[in-house]
Amino acid sequence: MPILQIRQAIRDAMKEEMERDERVFLMGEEVGYYNGAYKCSEGLLDHFGAKRVIDTPITETGFAGIGIGAAMCGLRPIVEFMTFNFSAVAFDQILNNAAKLRHMTHGQFGVPMVFRGPNAAAHMLGSTHSQAFEHFYAHIPGLKVVAVATPYDAKGLLKTAIRDENPVLFLESELMYSVKGEVPEEEYLIPFGQADIKRPGDHVTVITWGQGVPVALKAAELAAAEDVSCEVIDLRSLRPMDEAAIIASVKKTNRAVIVYHGWPNGGVGGDIIARIQELAFDDLDAPVLRVCYEDLPMPYAENLENLILPSPERALAAIRRVTYKR
Amino acid sequence: MEDCPWDPEGVEVCLDPEGQLVDRRAAQGVDLRALYKRLVAARCLDLRVERLGLPMWVSCAGEEAVSVLTAMLAGQEDWIYPGVRDFALAPIRGLDLDDFARQILGTAADGERPYNGRPGALAAADLGIAYAPEPLGLHLPLAAGQAHAQKLAGNGRATIAIFGEGLTTTALFHETVALASACDLPLVLVCKSQLWPEGAPAEAGLLGDSVAERVKACGLWSRRVDGADVVAVHAALDQALRRARDARGPGLVEVVVTQLHAGSAESDIPAHRDPIERLRRHLDREGQWTPTFQDVIEAEVRGQLERAFTHAQAKEIGR
């Protein structure tokens, strides 16, 4: 099976879908001539031409809106944000147009489109360029939110996102574009709302997604050395969320730790805990813990940033706490 | 002098590429030797910080006329809203070099909190320097708000905002221009534009004309000048600030700069695009420049910078 980087899997997904469906096009800053700020659209301008791979000026509000308008009229746009931090500029379009047009027009208009780009902290990018946006977007009815951590998942989920009839926020990671993995040559799709067990285990359920996945896997490895067996569940899609997979695992392990990028207040982590206590209250042997950012804007300084980010060591400490092995 | 694709067309030339003062009147009362020292110091500052290799740091080599002249021309009570490449204005405005180095490095003075901003995004509230936000254009309406406050106070003070032409396609830029025009604010917008002889990318913000021309249509007073011609930049900024302080309305000065830092793709940029070199040629013609003069300025600035960065790096907290 071919080994690809995540950026290549993303490119292949876009290329295949653009070949399959002429309504699909890509738009964003530096997606064409520069092949994408992180080279996710390498070769697409040459292959499809400037009509379908569109370099935009610095106009996030505008091109998010143009994408939505094109989607309403039957096209299937992929809008790339150079980072999801820049989606803040386009938030009104996403919140009030993309998410609501189907509802407001009694289904006369749909918004079949994808907003994609890197999300969350990378390395020394400071407080305004290090934010995790799934917590904002997963809050909004009318949107779907996906976060990927492997080339296989990236390709299968992006193809599903492009074919979806509703707006999908597709979250990638600047630090993980070079992560390699097997990707089948034959076509495949991964449905939304289906978690993937990245590592089976019996003692603690570790729930994670996106950039949290490598942290959780490393923590599970450290825990294994202490004879604690962790089941690492990669949610992959946050809205819809695979509640059944979470609950099945928690009923087995009776303990859960959630590892993710983002702040503790509000957000997806707290939402998962709410679902666990609602659906598996009697199965819990310990409080469910979160390992995420400290409740602070991200500092630029490397040593301070490292204190705020979720790390395998911090995740291991939480695993020890829920197993009462402090 | 041959036509050069890096030189802006249709701008008034005060100091020509050979360093000849075409418009002596424009330089009247300007101490060009003192200005030269400031420009050299700004370049030394840039090179010193670049050596640190900090993520998100962007060099401003070639753009010094804007930061240096803004700092020199802004009144004590005027406010400046800089971009992240305009850090050189802070020491001229009085920011202590130790503090400058701590802000760049994100370290803390004894008993104080460390700085968390991106390197280059300096702030000094006591010196009238607002924070340079990283998201593009976020500082423009803030500057308009400050200008509005100045206007309400009726104190005859101006507010200056500095930015690059890439953000002139954003809604925030257009909204700020609309507000400044509608409310007749004492606001001076300083836009640094680049020329793109090899063709501009879409995100350069070029819309077929100059930014100065574009804002004229919105009722703003504007001038377009060459950033390599410090005398012309001085004249335009001075006029814009006087107008704002005299309640004659907002203005925009578009300064065409050529980026000279090592990372810039072009290597065939002629020396006269460097504002420092052009002014040096002038001083040389006038018998006011010698290699020793140059060495003394550089040695002095480098010494001060070394001391400041050594102090700042000795702290435990920081990058």
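This is a predicted model: local features need pLDDT of at least 70, side-chain atom pairs count only at pLDDT 80 or more; totals for chains, interfaces and linings use all residues.
Residues are numbered from 1 along each chain as its sequence is written, chains are lettered from A and ligands numbered from 1 in the order in which they are written, and side-chain values use heavy atoms, with hydrogens and water left out.

**Where chain B meets chain A**

- On the chain B side, 21 residues are in contact with 18 residues of chain A; contact here means heavy atoms within 4.5 Å.
- Between them, the two chains bury about 1,600 Å², and 65% of that is on carbon and sulfur atoms. Buried area is the accessible area (1.4 Å probe) that two parts lose on being put together, summed over both.
- Met56(B), Asn116(B) and Glu203(B) supply 30% of the area chain B buries against chain A, more than any other three residues.
- The side of chain B that touches chain A has ten nonpolar, six polar and five charged residues. In this scheme Ala, Val, Leu, Ile, Met, Phe, Trp, Tyr, Cys and Pro are nonpolar, Asp, Glu, Lys and Arg are charged, and the others, Gly among them, are polar.
- How many salt bridges cross the interface of chain B and chain A? The rule finds zero, a salt bridge being a side-chain nitrogen of Lys or Arg within 4 Å of a carboxyl oxygen of Asp or Glu.
- Three residue pairs across the interface are in polar contact, both at pLDDT 80 or more. That takes a pair of N or O atoms within 3.5 Å; within protein, one must be able to donate a hydrogen and the other to accept it, and residues adjacent in sequence count only if both atoms are side-chain atoms.

**Salt bridges**

- Over all chains, the whole structure has 46 salt bridges.
- Arg43(B) pairs with Asp274(B), their closest N and O atoms being 3.0 Å apart. This pair links distant parts of the chain, 231 residues apart: Arg43(B) is in helix 1 (residues 32-50), and Asp274(B) is in the loop between strand 5 (251-257) and helix 9 (275-285). Helices (H or I, at least four residues) and strands (E, at least two) are DSSP runs, numbered from the N terminus.
- Arg43(B) is buried at 16% relative accessible area, and Asp274(B) is buried at 14%. Buried means under 20%, exposed over 50%, and partly exposed in between (1.4 Å probe, protein chains only).
- Glu306(B) and Arg51(B) form another salt bridge, with 3.8 Å between the closest N and O atoms. Glu306(B) is partly exposed at 32%, while Arg51(B) is exposed at 60%.
- Glu277(B) and Arg281(B) meet at 2.8 Å, N to O. Both lie in helix 9 of chain B, four residues apart, about one turn of the helix.
- In chain A, shared partners join Glu16(A), Glu17(A), Arg20(A), Lys155(A), Lys159(A), Arg163(A) and Glu187(A) into one salt-bridge network.

**Around Arg76(A)**

- Look for Arg76(A) in strand 4 (residues 76-80) of chain A, where it counts as buried at 7% relative accessibility.
- A polar atom of its side chain lies 3.2 Å from the backbone oxygen of Ile162(A), and the side chain of Arg76(A) also reaches the backbone oxygen of Arg163(A) at 3.3 Å.
- Leaving aside neighbours within four places in sequence, Arg76(A) has contacts including Asp21(A), Phe25(A), Pro112(A) and Asp164(A).
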